[in-house]
Structures are given as structure tokens and as C-alpha cells.
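Please keep the structure open while reading the points below.

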Amino acid sequence: MMNIENRDAHLIEEAKATLIKNDLGGYTVPTHGLYPFQWNWDSAIVALGWLPFDEPRAWEETTSLLSAQWKSGMVPHVVFHKHSDTYFPGPDIWGVQNSPDSTSITQPPVLASVIKILFEETKDRALAESQIETIVPQLIDYHLWWYKQRDPENTGLVVSYHPWESGMDNSPAWDAALEAVPCVDWEYTRRDINHIDASERPHKKEYDRFLYLVDFFRKMNFDDTLIYQDCPYRVNDVSIISILHRATKDLLAICEKVGVSNEQTAYLEKRLNLTEGVINKLWCAETNMFHSFDTRSNSMCKARTSAGLLPFFAGLVGEHQTDLLIDELDKWLNHSEYAISSTHPEDPNYEPQRYWRGPIWIHINWMIVLGLEEYGFTQQAQRITEGSRACIYTSGFNESFHAETGARSGGADFSWTAAMALYWLLPNTTEKG
């Protein structure tokens with residue numbers, strides 16, 4: 001049998017090969033066929049995977065994503081650099097007239113947190129300093145867009161207009177909010193179920209509503225003000241709010257290091273304080289967890305999902321909530337040697353292998369672990385780390401993993417899982433930058 005050190009060394013070479021195979025020249029596709037374009041938060045995570053063995057390529061991953069930034073500051077969730085007919089909906093459905101083509105929505109803004117890591121850990125200091133000079137103003141514009149366009153009423157909690165913006169597309173957290181969205185009245189052919197069994201993908205009833213929202217954005221001419229007023233889906237997504245909060249803190253830390261201090265950074269500081277003052281709106285005493293909030297129905301999204309643990313990553317868990325949330329996490333972790341399922345196993349909507357209704361996602365685990373470590377919960381952090389490592393030991397670099405067996409779920413040869421292996425899970429046999 002292969003010993004542990006040799007196994008890890010072999011996995012590291014496989015992980016590098018996965019990124020190289022998925023590299024289309026400046027950007028990395030999540031996996032060929034199923035996801036043939038550049039995804040926003042995928043690329044951010046993937047940059048961490050390039051960092052230990054190709055620093056220039058790590059930076060290039062982020063700058064290629066930012067090359068698609070809109071004049072408004074928004075960074076789109078998908079960038080259509082090259083044509084592909086293996087994915088739907090493509091640029092013809094979105095109807096965005098930009099170069100490069102993109103979607104009109106965004107994704108969880110983990111990018112600034114990744115850029116902070118790149119800036120701190122890149123060995124080539126000249127490279128890091130030359131890159132950061134251009135990137136910081138772009139990140140500031142992106143975060144300003146989030147706060148001004150997605151929270152124009154200054155509530156302290158930004159909103160999402162589409163489940164795809166959460167990255168957690170068919171999470172049970174969105175079920176009730178999606179019920180208020182009409183179905184499209186035109187026929188379409190999905191491409192995802194040509195690559196992955198339909199039992200692992202969202203249902204048609206969800207896709208019908210996903211596509212209605214895409215049509216709606218186009219009919220509103222992508223006008224932020226009109227969409228905020230009229231979008232039938234408008235949710236305070238606890239995962240986006242948490243990731244944005246952490247990323248804004250990280251962005252301001254970068255700004256301090258490089259000597260950027262102005263009205264914009266002062267505004268971002270105020271927004272941090274505002275969010276910290278209202279985050280308890282997303283806390284539920286009944287479940288002892290954080291949840292998203294449907295602003296259209298004025299009701300909490302009660303499904304128990306891993307998104308409710310991301311306030312640890314943001315530093316938004318208050319003293320009175322910490323032990324209660326950890327107690328819930330401990331119960332959660334008792335269900336499987338693999339960790340951590342995207343939906344709580346005791347939730348009525350839990351499905352261990354259907355996309356975001358149960359499977360384990362390694363990049364979410366990484367964020368949760370960072371937060372737990374910063375709060376001093378090293379035992380739970382180690383348990384999730386070990387459960388994540390067990391997934392890749394069991395079945396390699398998959399999109400996600402069956403919550404109870406660690407088997408493959410979703411696409412294979414997946415970039416962000418390979419990246420997390422290289423940067424986080426197998427650090428002892430690869431040298432970080």
C-alpha cells in the first residue's frame with residue numbers, strides 16, 4: 001500500500017495536473033463540459049491553488065476575472081471568454097452587450113479575501129506590488145457597488161436577486177422565496193443533465209424560475225434601481241453578507257498596507273459598522289443558527305444550511321450566540337465522518353447527493369474553518385478539516401461530495417477542489433508561496 005506521504009504527494013501532482021488541464025489561457029474553467037467558462041468565486045478560490053507552484057498564474061486568474069468588471073463596479077458571476085455549446089444559458093440568453101460577454105449578476109465576493117492572501121504570501125514581492133496597485137481600485141469599486149446598489153436603503157444587509165448569485169443555486173433556503181417567482185413560458189433545453197445525472201441537479205421547476213429571473217433582468221435593461229424595486233426574488237443572503245463583510249475587512253487591511261485612505265475607504269468602514277449593528281436580524285432563536293431573510297415576504301428562510309455558519313468567517317457571531325451555534329455544529333458533525341453537509345442532515349429538505357441540498361463543498365468548509373479557528377474553536381475546525389481531507393482521499397477532486405459516503409457528487413476533475421487540496425488540505429508536502 002502507498003504510505004500517507006506518498007499518497008499526499010501523488011494527490012498534489014494530480015491536483016496540479018487538474019488545474020493545468022482546466023487552464024484555458026489566463027482563466028481556469030471549473031471543469032470541462034459542465035462549466036466551460038470562467039466563474040467568479042471559482043476563479044478566486046482557484047487562484048489559491050495556483051499560488052504554491054505558479055505565482056504569476058495565480059495573479060493572472062484574478063486579473064482575468066476583473067477584466068470583465070462592469071463600469072458600475074459589478075464583477076459578473078460568469079465570463080463567456082470563448083464560445084461553447086455545452087452550457088445553458090449562454091450569452092445569447094443573458095443578452096448582455098459587453099466585451100467580454102458575461103452574465104448580469106454576480107457571486108459571493110470572496111475575491112478581496114483571496115487577494116489579501118496572494119499579497120501576503122507571494123514570494124515575488126515585485127510581482128505582488130505591481131499587481132496590487134491596479135487591483136485595489138477595482139476591488140474598491142466592486143465593494144462600493146455591493147453596498148450602494150444592493151442596499152440602497154442603507155439597511156446594513158445587502159440583497160441577492162438570484163439563487164445563482166449565492167453560488168448555492170438550489171439550496172432549500174431559497175425554496176419559499178422562489179415560489180413567488182413565475183415560471184418561464186418558453187421551452188428550453190438544459191445542458192447540465194447531459195453531463196451529470198438529473199438526480200444530482202436542480203429540478204426543472206427551479207430552472208423555470210431561474211430563467212424567468214434572467215429574462216426579468218434583461219427586460220429591466222440591467223438597471224440596478226429598477227431591479228431593486230421590482231425583482232420578485234430579493235433575499236438577504238447570509239452567505240453573501242458574511243463573505244462580503246470578511247472581504248471588506250480584508251480589503252481595508254490591504255488598503256492600510258499600501259497607503260490607500262480616502263472617502264471611499266471611510267465609507268466602507270461605515271458599512272462594516274452598519275452590518276455589525278443589524279446582523280442579529282438573521283439570527284433565529286428557534287434553530288440557534290443564522291439564516292437568510294426573504295425581504296419580499298418579510299420572513300426568514302428557515303432551512304438549516306452551512307451558510308448559517310459563515311458568520312464565523314465574517315467575525316459576526318456575537319458572544320451570546322457562539323456557544324449555541326457551536327452546539328448545533330457539534331450535533332451536525334456527529335452525523336458523518338465526512339464534513340460538512342451543505343444542508344443539515346435533520347432538515348426535512350436534506351438530500352445527501354443533490355447539488356446544494358446536502359453534498360459537501362470543500363471551499364465552504366475552508367471558510368468555515370478559518371472562522372472557527374479565529375474564534376478559538378480548534379477542535380471543530382480540525383474535525384471539518386479532517387472530514388474535508390477524507391472526501392478527497394475517498395474520491396478525488398470532485399465538484400462536491402456525497403454527505404454520508406464521501407463519494408463523487410457533481411462534476412469530476414474540479415478546479416476549486418484541487419485548489420483547496422493544494423492550498424489548504426495537503427500543506428505539508430507542498431510549499432506555499
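Buried means under 20% relative accessible area, whereas exposed means over 50%. The model discussed here is predicted, with an average pLDDT of 96 for the protein and 98% of the residues scoring at least 70.

**Helix α13**

- In helix α13, the residues Thr265, Leu268, Arg271, Leu272 and Thr275 are buried, and because they fall within an arc of 110° when seen down the axis of α13, they line one face of the helix.
- The helix itself runs over residues 263-278, and its 16 residues reach 23 Å from the first C-alpha to the last, which is close to the 22 Å expected at 1.5 Å a residue.
- On the face of α13 turned away from the buried side lie the exposed residues Glu263, Lys270, Asn273 and Gly277, while the buried residues of α13 pack against α6 (125-149) and α12 (238-258).
- At the start of α13, the backbone nitrogen of Gln264 has a side-chain oxygen of Asn262 within 2.9 Å.

**Helix α15**

- Helix α15 covers residues 319-333, and its end C-alpha atoms are 22 Å apart, which agrees with the 21 Å that its 15 residues should span at 1.5 Å a residue.
- The buried residues of α15 are Gln321, Thr322, Leu325, Ile326, Glu328, Leu329, Trp332 and Leu333; these cover an arc of only 165° around the axis, so they sit on the same side of α15.
- The exposed residues His320 and Asp323 are carried by the face of α15 that is turned away from its buried side.
- The packing partners of the buried residues of α15 include the strands β5 (283-284) and β6 (289-290), and also the helices α14 (311-314), α16 (362-374) and α17 (378-395).

**The sheet of β4, β7 and β8**

- Three strands form an open sheet in the order β4-β7-β8, with antiparallel pairing, and its edge strands, β4 (235-236) and β8 (299-300), each pair on one side only.
- Strand β7 (residues 293-294) is joined to β8 by two bridges, and the two strands run antiparallel; the bridge partner of Asp294 is Ser299 in β8.
- In general, strands of a sheet pair through backbone hydrogen bonds, either parallel or antiparallel.

**Where confidence falls**

- Over residues 429-433 the pLDDT stays under 50, and for this stretch the model has 19 contacts beyond four places in sequence.

How values were computed. Residues numbered from 1 in each chain as written. Predicted model: local features only at pLDDT ≥ 70, side-chain atom pairs only at ≥ 80, totals over all residues. Heavy atoms only, no water. Helix = DSSP H or I, 4+ residues; strand = E, 2+ residues; numbered from the N terminus. Expected span 1.5 Å × (residues − 1). Buried < 20%, exposed > 50% of the residue type's maximum accessible area, 1.4 Å probe, protein only. Arc of directions from axis to C-beta. Contact = heavy atoms within 4.5 Å. Polar contact = N/O pair within 3.5 Å; in protein donor to acceptor, adjacent residues only side chain to side chain. Pairing = 2+ DSSP bridges. pLDDT = per-residue confidence, 0-100.
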